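User: I'm new to this structure and would like to learn how to read it. Could you take me through it one feature at a time?

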Amino acid sequence: LRRGARGYFAKDVIEQAEELGRNDDPASEFARIRDGLKGQADRKFEDLRGKDFLTIDPPGAGDLDDAYYVEKHVDGSYTWYLATADVAAYIKPGSPAFEAAALAGNTLYSIDKDGKPEDPMNHPVVSKYLASLLAGKDSLAMISKMTFDKTGKFVAEDSEVFLGLVH
């Protein structure tokens, strides 16, 4: 990374990220998406802000893109919710940020802590704030809800994937 793998974002990507940051309102976006999905039985969007999700990223991570919550039921079964940051809610196909992220392909992380520790795929306004599952912040997420019986066997018919709002 010291030798410049990518190292910068184009002006239009920076402007898009700054505009997104100024207009961030996950609760309003949640309401808009929920209302748009009404009447579509195969689509679901759930408000999970009442559940205490924990991030699973290591200490010091800047982009908290995964979090989980586990419920134990009286019959001994469990429901595990995995929330994955919904970057697609912010970065739309065809936009400057989408094109830059598609070209980058992934975030590069370096073990060279004296140099540049990372080269992000998405602008930090998006990856470290807007789409990040930060504590105390409402965030849009893709939810994988997985149910396990009391023996630990996965119960596919009681499991699903949907859009959600977490806190």
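User: Leaving aside its neighbours within four places in sequence, which residues is I143 in contact with?

Analyst: First, a word on the model. It is predicted, so local features need pLDDT of at least 70 and side-chain atom pairs count only at pLDDT 80 or more, while totals for chains, interfaces and linings use all residues. Residues are numbered from 1 along each chain as its sequence is written, and side-chain values use heavy atoms, with hydrogens and water left out. Contact means heavy atoms within 4.5 Å. Beyond its sequence neighbours, I143 is in contact with L48, Y81, L82, A83, E160, V161, F162, L163, G164 and V166.

User: Which residues touch the most other members of the largest nonpolar core?

Analyst: The general idea is that in soluble globular proteins, nonpolar side chains tend to be buried together. A nonpolar core here is a set of buried Ala, Val, Leu, Ile, Met, Phe, Trp, Tyr and Cys residues joined through side-chain atoms within 4.5 Å. Buried means under 20% relative accessible area, exposed over 50%, and partly exposed in between (1.4 Å probe, protein chains only). The largest core has 27 residues, and I143 and V166 touch the most other members. At least two residues each come from α1 (11-22), α2, β4, α4 (124-130), β7 and β8. With four residues, β8 gives the most to this core.

User: Which strands does β7 pair with?

Analyst: Helices (H or I, at least four residues) and strands (E, at least two) are DSSP runs, numbered from the N terminus. Two strands pair if DSSP finds at least two bridges between them. Strand β4 (residues 78-85) pairs with β7 in the antiparallel sense over eight bridges, and T79 stands opposite T147 in β7. With strand β8 (residues 160-166), β7 pairs in the antiparallel sense over seven bridges; there M142 stands opposite L163. Seven of the 10 residues of β7 are buried, so this strand is largely enclosed by the rest of the structure.

User: Is K145 buried or exposed, and what about K72, buried or exposed?

Analyst: K145, in strand β7 (residues 139-148), is buried, with a relative accessible area of 19%. K72, in strand β3 (residues 66-72), is exposed at 60%. Setting aside residues up to four places away in sequence, K72 touches S77 and Y78, while K145 is in contact with T79, W80, Y81, S159, E160 and F162.

User: Which residues of α2 are buried?

Analyst: An α-helix has 3.6 residues a turn, so residues three or four places apart point the same way. In α2 the buried residues are P26, F30, I33 and L37. Seen down the axis of α2, they fall within an arc of 70° (taken from the directions from the helix axis to the C-beta atoms), so they line one face of the helix. These residues pack against β1 (45-47), β7 and β8.

User: How many aromatic pairs are there?

Analyst: A pair of aromatic rings is described by the distance of the centres and the angle of the planes. Rings of Phe, Tyr and Trp (its six-membered ring) pair if their centres lie within 6.5 Å; planes under 30 degrees apart count as stacked, over 60 as edge-to-face and the rest as tilted. By this rule there are three aromatic pairs. The rings of Y69 and Y81 have centres 6.0 Å apart and planes at 45°, so this pair is tilted. Y69 is partly exposed at 21% relative accessible area, whereas Y81 is buried at 4%. Together with F53, Y69 and Y81 form one aromatic cluster.
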